[in-house]
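Keep the viewer open while you read.

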Amino acid sequence: MTSRKTGPPPVGDLIARCLTGDVRAFETLVRTHHDQVYGYACRMVGPDAADDVVQEVFLRVYRSLHTFRSESDFKTWLYRITTNACLDHLRRMRRQRGRFVPLEGGGGHADEGGPAWGGPERPDPGAVDPALRAEQRELAEALQAALGRLSDHHRAVLVLHDMYGFRYDEIKDILRCSLGTVKSRLFYARRALREQLRPYLDAAGDWPASGASSVS
Amino acid sequence: MDGQLPGPVRARVRSHLVRCAPCRRELAELEALRQLLAGAPAPPPPPGLAETIVGHVRFREAERVRRRPRVRFWQGAIAGGVAAVLVVALWWAGLDGLSRMGHGSAPPAVEAALMEHSLYASLLETGAGDWVDWALVPAGDGR
């Protein structure tokens, strides 16, 4: 996170500098956005493949910076590239394996005694409790498994809307589909996920550690 | 739930929910699911991922630039080869035209001279002729 005083420069400026060959500008672009891209890629392809996909995403970003129109929204453009890279990866895996591709990952980047990849990023007093951490891990794994059982496009719509807060019209632009398709995919995705996560849903719908940071 | 319904439709839905318990239950479940998803902690990237990304992009771009001159060389070689073939073909066509002129389209005296010249050239090359009075004739064909 950057402070108000030394926040990242505007994206348009960064891109203009990147196009002149300014490597530092590209590094700033990566540092500003790579965590969100990684989180989305994790939801789409699983933590084991997310590293490779994210590298591919930013390679595509670098090579297509000259096509970005300053009047369009950078976040939408970035997530479109990320979605396409994720879908390409999943298609490639299916061609190789010829069947359903599970998205569950291993411990990811967890250290011994540290949170699983689905746990809170920042230290949380509630997360010190091992039982709580185990509960969080179980729910995170159940969520990832449930997401993996959705079709790729259903998963994309659900994650973009319910986890990353994109509007219907933004998702329509990201996925290059109609508004009706966004709505119907979201409907079916929620219905499927609700059945699989029913044991974890309580009246409030809170995670075991309430006050954990939300996905932006 | 997503705030996408037009006003009149939303009012009808709300009115229905007042009377329908199953629909209220379903809405509550969907709201709980949405809160669960919105509250899901973001998977943190591994340490050093940003540096890895930048390094990967720089490497791939350097590879792409390094391969570019090799493509240009082959393009030049192919273009040069095509040009050379064209030159040779034109030259050959020119020769062929000239030789066609020498075999059938020239006056008889010229043709006879050309044929004698050809015979003379073949005797010189093969060594099959004899010199008689400073003239080269086929072997055994004394004049």
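A:Ile81 counts as partly exposed, because 18 other C-beta atoms lie within 10 Å, while a residue needs 20 or more to be called buried. Bear in mind that this is a predicted model. You'll find A:Ile81 in helix H4 of chain A. Which residues does A:Ile81 touch, once those up to four places away in sequence are not counted? They are A:Val57, A:Arg60 and A:Val61. A:Phe58 is worth a look too: A:Ile81 and A:Phe58 are 23 residues apart in sequence, yet their C-alpha atoms sit 8.7 Å apart in space.

**How H4 meets its partners**

Helix H3 of chain A (residues 47-63) and helix H4 of chain A (residues 74-97) have axes that come within 9 Å and cross at roughly 130 degrees. That angle is why H3(A) is called oblique to H4(A). The crossing is right-handed. On the H3(A) side, the contact is made by A:Ala49, A:Val53, A:Glu56, A:Val57, A:Arg60 and A:Val61. H4(A) answers with A:Leu78, A:Ile81, A:Thr82, A:Ala85, A:Cys86 and A:His89. Sorted by type, the residues of this contact come to 8 nonpolar, 2 polar and 2 charged.

H4(A) also packs against H2(A), with axes that come within 10 Å and cross at roughly 35 degrees. H2(A) passes H4(A) in a right-handed crossing as well. From H2(A), the contact draws on A:His33, A:Val37, A:Tyr40, A:Ala41, A:Met44 and A:Val45. From H4(A), it draws on A:Leu78, A:Tyr79, A:Thr82, A:Cys86, A:His89 and A:Leu90.

A:Tyr168, A:Asp169, A:Ile171 and A:Lys172 of H7(A) meet A:Leu179, A:Val182 and A:Lys183 of H8(A). This contact has 4 nonpolar residues, no polar ones and 3 charged ones.

| Helix pair | Axes come within | Crossing angle |
|---|---|---|
| H3(A) and H4(A) | 9 Å | roughly 130 degrees |
| H2(A) and H4(A) | 10 Å | roughly 35 degrees |

**The core**

Which residues touch the most other members of the largest nonpolar core? In this set of 58 residues, they are A:Ala41, A:Val53, A:Val54, A:Val157 and A:Leu160. Helix H2 of chain A (residues 23-45) supplies the largest share of the core, 10 residues. A:Val54 also takes us to chain B. Setting aside neighbours within four places in sequence, A:Val54 is in contact with A:His34, A:Val37, A:Tyr38 and A:Ala41, plus B:Leu49 and B:Ile53 from the other chain.

Now for the loop between helix H7 (168-175) and helix H8 (179-197) of chain A, which holds A:Arg176. Most residues other than glycine have a negative phi. A:Arg176 isn't a glycine, but its phi is positive, about 55 degrees.

B:Arg14 belongs to helix H1 of chain B (residues 7-19). From B:Arg14 to B:Arg24 is 10 residues in sequence and 9.6 Å in space, C-alpha to C-alpha.

Stepping back, chain A has 8 helices and 0 strands. Of its 216 residues, 36% are buried. Among contacts in chain A between residues at least 6 apart in sequence, 63% join residues at least 24 apart. Chain B has 4 helices and 2 strands, running α-α-α-α-β-β from the N terminus. Buried residues account for 11% of the 143 residues in chain B.

Terms used
Residues are numbered from 1 along each chain as its sequence is written. Chains are lettered from A and ligands numbered from 1 in the order in which they are written. This is a predicted model: local features need pLDDT of at least 70, side-chain atom pairs count only at pLDDT 80 or more; totals for chains, interfaces and linings use all residues. A residue is buried if 20 or more other C-beta atoms lie within 10 Å of its own, exposed if 12 or fewer, and partly exposed in between; C-beta atoms are placed from the backbone. Two residues are in contact if their C-beta atoms, placed from the backbone, lie within 7 Å. A nonpolar core is a set of buried Ala, Val, Leu, Ile, Met, Phe, Trp, Tyr and Cys residues joined through C-beta atoms within 7 Å. Axes are lines fitted to C-alpha atoms, for helices over the stretch in contact, and angles run from 0 to 180 degrees between N-to-C directions. Angles under 35 degrees count as roughly parallel, over 145 as roughly antiparallel, 65 to 115 as roughly perpendicular and the rest as oblique. A crossing is left-handed if the near helix is turned anticlockwise from the far one by less than a right angle, and right-handed if clockwise. Ala, Val, Leu, Ile, Met, Phe, Trp, Tyr, Cys and Pro count as nonpolar, Asp, Glu, Lys and Arg as charged, and the others, Gly among them, as polar.
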